[in-house]
Amino acid sequence: MKYINLLGATGSIGTQTLDVIREHSTHFKLSAMSVGRNIHLARKIISEFRPELVSVMKKEDADTLKLEFPEIKFTYGSEGLTEAAVYHKGSVLVNSVIGSVGLAPTMAAIADGKTICLANKETLVTAGHLVMEAAQKHGVELLPIDSEHSAIFQALQGEKKDNIERLILTASGGSFRDRSREELKNVTVEEALNHPNWSMGAKITIDSATMMNKGLEVIEAHWLFSIPYDQIDVLLHRESIIHSMIEFHDSSVIAQLGTPDMRVPIQYALSYPDRLPLKSAKRLNLAEIGRLHFEKADLERFRCLHFAYEAGKAGGTMPTVLNAANEVAVAAFLEGRITFLEIEDLVEKSLASHNNMSNPDLFTIEEVDRKTREFVNSLLT
Ligand code: MN3
C-alpha cells in the first residue's frame with residue numbers, strides 16, 4: 001500500500017488523482033491532502049477517502065470542518081500546505097497546486113525523503129536548479145505527472161540519457177491554433193477556455209492558448225532530463241495522441257501514445273516502475289483516428305513560447321519573472337481586465353525590465369516573484 005499526500009485535491013489533477021486512488025484502493029490510500037477554497041467538494045472527498053490530515057486555505061474553514069469531522073486533523077494556510085506535504089504517513093507527495101505556492105512544500109517533502117509526483121509547474125520553472133540539487137542530495141525520485149514529461153520519462157525507460165539527441169514536446173496549439181495574430185485581438189475569455197482536446201483548469205487552458213504552457217514545459221523538461229534548451233523542440237500536433245518523443249543519436253525516435261487522459265500519466269507516476277490496469281481509459285484506436293497532423297511551432301505566432309525559451313536560456317531569476325508575470329496577466333484576462341494579446345505584452349515588459357540574478361536561493365525567488373506581481377499590477381491600474 002502506497003500512502004499519498006495530495007496537494008490541490010479539488011483541482012483538475014487532484015480529482016483525477018483521486019479517481020486513480022479510487023480505482024486502485026488496494027494499492028493506494030490518501031493519507032493527507034490540501035484544498036483551497038472549494039470546501040463543498042473538500043467535504044465530499046473527506047467523507048469518501050478519510051485522509052488523516054487536511055489543510056485548507058483559511059482558518060475559518062479549518063474550524064468549520066473540524067466540527068464536522070472531529071477525528072481528522074485540520075490545518076490551514078501556507079504552513080498547512082507544507083504540513084500536508086510532509087505528513088509522516090505518506091511516502092509519496094502528489095503536488096498539483098497551481099502557482100508558486102507549490103514550491104516550498106515540494107522542497108520540504110524532498111528534504112523529508114518523499115517520492116515527488118510533480119504536476120506543479122512553477123516548482124521546476126522557478127527553482128529547477130534548487131529542486132534537482134535537493135532531489136539528488138536526498139536520493140529522491142521526481143516523477144512527472146504532466147503528459148509530455150511522462151511521455152519522455154516513459155520513452156526513456158531502459159535508455160541512457162547520454163544517448164538523447166533531442167526532446168520533442170508535442171503541443172495541441174490550444175483553443176486558438178487556427179487563428180492568425182490579427183484574429184486574436186478580440187477573442188473572449190469563453191472562447192479561450194474552450195480547449196479542443198484536454199479538460200483542464202482555467203489557468204492552464206489559457207496558458208495552452210498562449211502556448212505559455214508549452215514554454216513552461218520546455219523549462220521543466222530542461223531541468224527534469226538535464227537537456228540543453230537547443231535540444232528541446234516543440235511540435236504542433238493537433239490530435240494530442242503522441243504525448244512527446246525522444247530522438248536518440250542513432251536517429252531512432254521513441255514516442256509515447258494514447259488517448260488524451262490525464263489519469264494515465266498520473267497513474268504511471270503513482271505505480272512506477274510498475275503499470276496497473278486503467279479499465280475506464282479509452283483505448284487508442286489508430287485505425288479509427290486515421291491520420292495524425294504535425295506542424296512547426298512558429299515562435300512569432302506564439303510569442304509566449306519564444307519568451308519562455310529566452311527566459312529559460314537566461315536562467316537565474318528570469319523564469320520566475322516569466323511565470324509570475326504570466327500568472328498575474330492570465331488572472332487579469334480571466335477577470336476581463338485585459339485583452340488576450342496583452343498577456344504576452346505584460347510578460348514581455350516584465351522580462352525586459354528585470355535585472356537577472358544568477359543562481360537565486362528560495363528567498364530571492366520569492367522576492368522576485370512578489371516584485372514581479374507588483375510590477376504587473378502597477379501596469380494594470
Ligand atoms: Mn502538458
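**The manganese site and its surroundings**

Author: In this predicted model, the manganese ion has as its protein donors Asp146 (OD), Glu148 (OE), Glu148 (OE) and Glu217 (OE), which lie 2.2 to 2.8 Å from the ion. Along the chain, these donors follow the spacing D-x1-E-x68-E. Glu148 belongs to helix α7 (residues 147–155) and Glu217 to helix α10 (residues 212–224), so this pair ties together parts that are 69 residues apart in sequence. Both Glu148 and Glu217 are buried.

A pocket can be described next. The second largest pocket has a volume of about 390 Å³, and its lining is made up of 18 residues, with Val264, Arg275, Leu278, Ala281 and Arg283 lying nearest the centre. At least two lining residues come from each of β11 (253–257) and α11 (263–271), and α11 gives the largest share, four residues.

Gly14 sits in helix α1 (residues 12–23), and Gly14 counts as buried because its relative accessibility is 1%, where the cut-off for buried is under 20%. Apart from neighbours within four places in sequence, Gly14 is in contact with Leu6, Gly8, Ala9 and Ser96. Between Gly14 and Asp178 there are 164 residues of separation in sequence and, from C-alpha to C-alpha, 31 Å in space.

Key. Residues are numbered from 1 along each chain as its sequence is written. This is a predicted model: local features need pLDDT of at least 70, side-chain atom pairs count only at pLDDT 80 or more; totals for chains, interfaces and linings use all residues. Side-chain values use heavy atoms; hydrogens and water are left out. Donors are N, O and S atoms within 2.8 Å of the metal (3.2 Å for Na, K and Ca); water is not among the atoms, so sites may look incomplete. Buried means under 20% relative accessible area, exposed over 50%, partly exposed in between (1.4 Å probe, protein chains only). On a 1 Å grid over the protein atoms alone, a cavity is a set of points where a 1.4 Å probe fits but cannot get out, and a pocket is an open set with protein on both sides within 12 Å along at least five of seven lines; lining residues have an atom within 4 Å of a point. Grid points are joined across faces, edges and corners, and a volume is the space filled by probe spheres set on the points. Contact means heavy atoms within 4.5 Å.
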